[in-house]
Structures are given as structure tokens and as C-alpha cells.
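Thanks for coming, everyone. Please look at the sequence and the structure first, and then I'll walk you through them.

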Amino acid sequence: VDEYKILQLFNYPNPFASETYFSFVLTGARSPEAGTVRIYTVAGRKIREIPIPSSSLQIGVNRVFWDGRDNDGDDIANGYYFYQVQVKAGEKTESAIGKMVRVR
């Protein structure tokens, strides 16, 4: 498949206690130049942005680690969160959204 798509997006474990991995399958003709995982509260406030270097992205299965901390380095509270995985290849940008739960 030559078209860029993010498929089978999930995080594991979910719910998570302290850390989780975002996993997804990426389709396309070549690896993208950049990627990002953004984590939001249910109110829509961005609490963390994780850049994915192009060397870590590949066509096929990808996995990104998150330590459960916000941009200030603090543990996030128990509750529901949304995450967005976004990849950019040339002029094309593809993104997908998932939800997760933090329970300690």
C-alpha cells in the first residue's frame, strides 16, 4: 500500500499504572520524516508531546514508550486521557486518536 495510514493504534497496557507503549502499524511507500505522540486530558489540554525521530519510524509495526509523566516531569493523575499519533511525510500528514486510562 503506497498510501500513508496509521492502522491498529493502541496502547499497552491499558489501563496502565506507571508506563505504557503506543503501538501502531504504518503503511506507505517510504518511512516518514517525523512523528509525534501528543497526550491530552479529557478537557483537551495537552499535557505531553513526545517527538518520534525519523530513525525510529518505519513502514510496518512501530512502538513508542511513555513514562506516564507530563511535560513538567510530574506523574499524571488517575483518569481518562486521549492521545494522538501524527506522522509527516513530505506534504502529507496522517494522524489517529486513541484513548487510555491511568490507574495506580
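I'll take the sheets, then one proline, then a surface patch, then the salt bridges.

First, some ground rules. This is a predicted model, where local features need pLDDT of at least 70 and side-chain atom pairs count only at pLDDT 80 or more, while totals for chains, interfaces and linings use all residues. Residues are numbered from 1 along each chain as its sequence is written, and side-chain values use heavy atoms, with hydrogens and water left out.

Now the strands. Strands here are DSSP runs of E, at least two residues long, and they are numbered from the N terminus. Two strands pair if DSSP finds at least two bridges between them.

Start with the sheet of three strands. Its order is β1-β2-β5. The sheet is open, and the pairing is antiparallel. Which strands sit at the edges? They are β1, residues 5-12, and β5, residues 60-66, and each pairs on one side only. On average, neighbouring strands of this sheet are turned by 20 degrees against each other, direction ignored. For that angle, axes are lines fitted to C-alpha atoms, and angles run from 0 to 180 degrees between N-to-C directions.

Look at β2 next. This strand covers residues 20-27 and pairs with β5 over seven bridges, in the antiparallel sense.

Is β2 mostly enclosed or open? Six of its eight residues are buried, so the strand is largely enclosed by the rest of the structure. Buried means under 20% relative accessible area, exposed means over 50%, and partly exposed is in between, with a 1.4 Å probe and protein chains only.

Move to the sheet of four strands. The order is β4-β3-β6-β7, open, with antiparallel pairing. Here the edges are β4, residues 46-52, and β7, residues 92-102; each pairs on one side only. Neighbouring strands of this sheet are turned by 20 degrees on average, direction ignored. Within the sheet, β3 spans residues 34-41 and is joined to β4 by six bridges. Ile-39 has its bridge partner in β4, and that partner is Arg-48.

Next, the proline. Pro-15 is in the loop between β1 and β2. Pro-15 counts as exposed because its relative accessibility is 51%. What does Pro-15 touch, not counting residues up to four places away in sequence? The answer is Val-101 and Val-103, where contact means heavy atoms within 4.5 Å. Pro-15 and Gly-79 are 64 residues apart in sequence, yet 9.4 Å apart in space, C-alpha to C-alpha.

Now the surface. Val-42, Tyr-80, Phe-82 and Ile-97 form a nonpolar patch with about 460 Å² of accessible area together. Patch members have over 30% relative accessible area and no salt bridge; nonpolar side chains are joined within 5 Å, and like charges within 9 Å. The areas come from the Shrake-Rupley method with a 1.4 Å probe. Tyr-80 is in β6, residues 79-89. Tyr-80 is exposed, at 59% relative accessible area.

Last topic: salt bridges. Side chains of opposite charge can pair when their charged atoms come close. The rule here is a side-chain nitrogen of Lys or Arg within 4 Å of a carboxyl oxygen of Asp or Glu. How many salt bridges does that rule give? The count comes to six.

Take Glu-33 and Arg-30: their closest N and O atoms are 3.0 Å apart. Glu-33 is partly exposed at 39%, and Arg-30 is partly exposed at 48%.

Back to Arg-48. Its side chain meets that of Asp-67 in a salt bridge, 3.2 Å from N to O. Asp-67 lies in the loop between β5 and β6 and Arg-48 in β4, so the pair ties together parts that are 19 residues apart in sequence. Asp-67 is partly exposed, at 30% relative accessibility.

Asp-75 and Arg-69 form another salt bridge, at 3.6 Å, N to O. Asp-75 is partly exposed at 40%, and Arg-69 is partly exposed at 33%. Finally, Arg-38, Lys-46 and Glu-49 are linked in a network of salt bridges.
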